[in-house]
Amino acid sequence: MKQVRIQLPDGGKADFPSGMSAREILAAAGWKDLENAVAARVNGNLVDLARPVTEDGNVEPVAANSKEGLAILRHSTSHVMAQAVQDLFPGVKVAIGPSIEDGFYYDFEYSDTFTTEDLSRIEGRMEEIISRDDSFERREISRDEAIRFFRDRGETYKVELLEDLPGDVAAVSLYSQGGYVDLCRGPHVPSTGTIRAFKLLNVAGAYWRGDEKNAMLQRIYGTGFGTREELGDYLTAMEEAKKRDHRRLGRELDLFQLNDEVGPGLIIFHPKGALLRTIIEDWERKEHLKRGYDIVQGPQILKGDLWKRSGHFDHYRENMYFTEVDKEIYGIKPMNCIAHMLIYKSKIRSYRDLPLRYFELGTVHRHEKTGVLHGLLRARQFTQDDAHILCTPEQLNDEIKAITGFVDDAMKVFHFEYEVELSTRPAKSIGTDEDWEMATNALEQSLKDRGMAYEINAGDGAFYGPKIDFKLKDALKRKWQCATIQCDFTLPERFDLTYVGADGERHRPVMLHRVILGAIERFMGVLIEHYGGALPLWLSPVQARIMTVTDRHIPYGQEVLRSLLEAGVRAEGDFRNEKLGYKIREGQNQKIPFMLVVGDREMESKTVSPRQRDGENLGAMDVAGFAGLVRERCERNE
Ligand SMILES: [Zn+2]
Ligand SMILES: [Zn+2]
């Protein structure tokens with residue numbers, strides 16, 4: 001009888017009959033906690049626990065609470081959801097049902113719309129299927145047979161998927177549980193009973209294959225976890241996230257508007273939003289000057305030829321907008337690199353001039369699909385804190401280290417934790433092996449020099465060079481892409497950038513593209529959600545609101561307002577003829593850090609009595625004293 005030689009958890013090896021299931025081998029090999037396993041990894045491949053093992057090597061359990069395990073659990077739940085939907089809504093066709101970052105979805109063709117009541121009915125039916133504990137059975141059939149099978153059932157989307165498979169795919173796998181059959185590569189959990197905690201969340205329209213020319217399908221989103229407790233925590237966090245939704249807070253705090261009359265993905269900043277933005281931008285300018293950057297500014301539109309030369313016309317055209325001026329095509333910039341290179345090229349550069357660091361709060365336009373637009377977080381016009389650093393290869397390490405230090409400082413200032421990822425050369429890339437190695441080493445070494453922990457995303461770099469991505473973590477533990485550092489040897493080549501080296505010869509500089517906060521709009525959206533609208537004092541567009549008790553206090557209120565504005569405090573007055581309690585409640589809802597009530601006592605003693613947004617009263621003080629307190633707390637970054 002054929003045997004397979006399998007590595008044991010203790011490092012030893014043992015032989016098992018070929019064809020034993022992964023689950024049986026795991027148990028026989030002495031793996032612990034197998035009741036938490038949802039699948040197995042055989043020589044690196046994820047497979048069903050029931051899958052026979054026929055080759056030597058490694059067999060390991062995949063736990064429900066691991067990243068892969070959770071994805072398998074959630075994806076399996078999407079099969080159960082599809083089964084429930086077809087049970088309850090005969091004639092509904094199924095499209096695809098993958099797991100995603102925080103859950104899963106399945107797309108359905110349904111002539112009506114799924115309502116909230118429908119979702120709870122579907123959940124109920126899913127619970128029934130789960131309690132039956134039907135096993136997920138895999139079988140392989142020929143592609144032609146599968147096409148016939150799904151065609152007979154009217155599952156046109158599955159037929160299309162099968163027909164589009166590459167020509168050399170002869171066999172496909174089907175999975176069934178309790179009479180429901182789906183086309184799927186797998187793996188899945190062993191049986192429906194493995195699913196312990198799930199919740200359907202919402203319904204959204206989605207075009208088949210993401211293409212607007214195709215049929216509009218209905219996507220039901222759901223999530224699942226290994227335990228009910230984890231699910232509960234997630235749902236609580238979601239509720240909290242809804243309360244903090246920056247679009248809602250943007251309205252409530254009167255920061256900005258999104259208006260269909262203007263167009264999707266285009267933001268109008270109201271006075272307070274524009275002020276918040278200005279505070280962040282002022283911080284950016286100050287910090288960049290401090291670190292030896294030059295502030296520059298390029299035009300919004302540049303002639304088409306430049307975009308051809310940069311490669312954007314070939315590789316990025318669909319995301320760009322174009323316009324015509326004097327019968328000539330101009331591209332509206334989606335990136336700020338070109339003007340910065342033209343500044344570099346305006347003079348002969350010597351190695352002594354380098355590094356050059358050009359910084360621009362660069363407003364760019366990118367044609368994002370309407371489906372992905374999301375308030376400030378994903379817009380069609382946004383402003384990046386963009387810089388391009390041109391340096392010699394020898395300077396690369398120090399420059400990257402300086403940027404990682406900059407990012408670290410910025411994250412501390414805004415009170416964010418973050419994670420770092422290094423993305424290396426992708427399969428499709430340009431440039432020489434030496435260039436890639438030099439750049440990747442420089443990025444990695446500078447992280448090591450700083451003692452920064454990082455993960456490697458193999459093959460996830462840009463086609464023109466490797467990069468470091470920083471993901472900040474907000475108060476709800478959500479991750480957001482902010483800073484990136486990208487190495488680029490291609491653009492200096494395309495634009496023939498050179499410097500004269502110590503040897504008197506011409507050399508090619510290396511270019512770094514980098515952002516620190518990323519898009520200012522997006523960063524503002526993250527900030528608003530991170531703080532639930534209660535921004536730190538130094539970022540608050542309104543730091544203090546003066547509130548009169550009655551109309552006779554208005555002249556004194558105005559005097560206080562003038563003094564505060566002169567002292568540099570961002571203040572405003574609420575002199576309406578309203579009850580004080582009402583004014584204070586409104587100030588609290590607006591998350592104003594200080595409310596200054598002025599009544600008889602304050603007027604007579606020429607003082608103010610600041611009340612913090614958390615309700616604490618600081619007692620009477622004169623106006624200069626209050627201005628000093630604001631200044632001090634801003635400096636302490638409270
Ligand atoms: Zn599946
Ligand atoms: Zn760039």
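What you're looking at is a predicted model, where local features need pLDDT of at least 70, side-chain atom pairs count only at pLDDT 80 or more, and totals for chains, interfaces and linings use all residues. Residues are numbered from 1 along each chain as its sequence is written, and chains are lettered from A and ligands numbered from 1 in the order in which they are written. The protein chain holds 19 helices and 32 strands (DSSP runs numbered from the N terminus, H or I with at least four residues for helices, E with at least two for strands).

**Overall picture**
- Along its principal axes, the C-alpha trace of the protein chain spans about 95 × 75 × 60 Å.
- Of the 638 residues in the protein chain, 36% are buried (20 or more other C-beta atoms within 10 Å of the residue's own; 12 or fewer is exposed, in between is partly exposed, and C-beta atoms are placed from the backbone).
- Taking contacts in the protein chain with a separation of 6 or more, 67% link residues 24 or more positions apart (a contact means C-beta atoms, placed from the backbone, within 7 Å).

- Helix H15 (residues 520-530) is mostly covered, with 11 of its 11 residues buried.
- The buried residues of H15 pack against helix H7 (246-252), helix H8 (271-290) and strands including E15 (267-269), E21 (381-391) and E28 (510-519).
- Just after H15, Gly532 takes a positive phi of about 55°.
- Over in helix H7 sits Leu249, which counts as buried because it has 21 C-beta neighbours inside 10 Å.
- Leaving out residues up to four places away in sequence, Leu249 touches Arg244, Ile528 and Gly533; Ile528 is one of the buried residues of H15.

**H12 against H13**
- The axes of helix H12 (residues 396-413) and helix H13 (residues 433-450) come within 9 Å and cross at roughly 55° (axes are lines fitted to C-alpha atoms, for helices over the stretch in contact, with angles from 0 to 180 degrees between N-to-C directions).
- That angle makes H12 oblique to H13 (under 35 degrees is roughly parallel, over 145 roughly antiparallel, 65 to 115 roughly perpendicular, and the rest oblique).
- On the H12 side the contact includes Leu396, Ile400 and Thr404, and on the H13 side it includes Leu443, Leu447 and Arg450.
- By class, the contact of H12 with H13 has 5 nonpolar, 5 polar and 3 charged residues (Ala, Val, Leu, Ile, Met, Phe, Trp, Tyr, Cys and Pro are nonpolar, Asp, Glu, Lys and Arg charged, and the others, Gly among them, polar).

**Strand E3 and its partners**
- Strand E3 (residues 37-42) is mostly covered, with 5 of its 6 residues buried.
- E3 runs antiparallel to strand E5 (residues 59-63), joined by 5 bridges (strands pair if DSSP finds at least two bridges between them).
- E3 also pairs with strand E4 (residues 45-47) in the antiparallel sense, over 3 bridges.
- Val42 stands opposite Val59 in E5 and opposite Asn45 in E4.
- E3 and E4 form a hairpin with 2 residues between them, and Asn43 in the turn has a positive phi of about 45°.

**The E30-E29-E31-E32 sheet**
- This open sheet of 4 strands has mixed pairing.
- Strands E30 (571-574) and E32 (609-612) are at the edges with a single partner strand each, so one side of each has no neighbour in the sheet.
- The twist averages 25° from one strand to the next.
- Strand E29 (residues 544-548) pairs with E30 in the parallel sense over 4 bridges, and Met547 has Asp574 in E30 as its bridge partner.

Technical notes. Contact = placed C-beta atoms within 7 Å.
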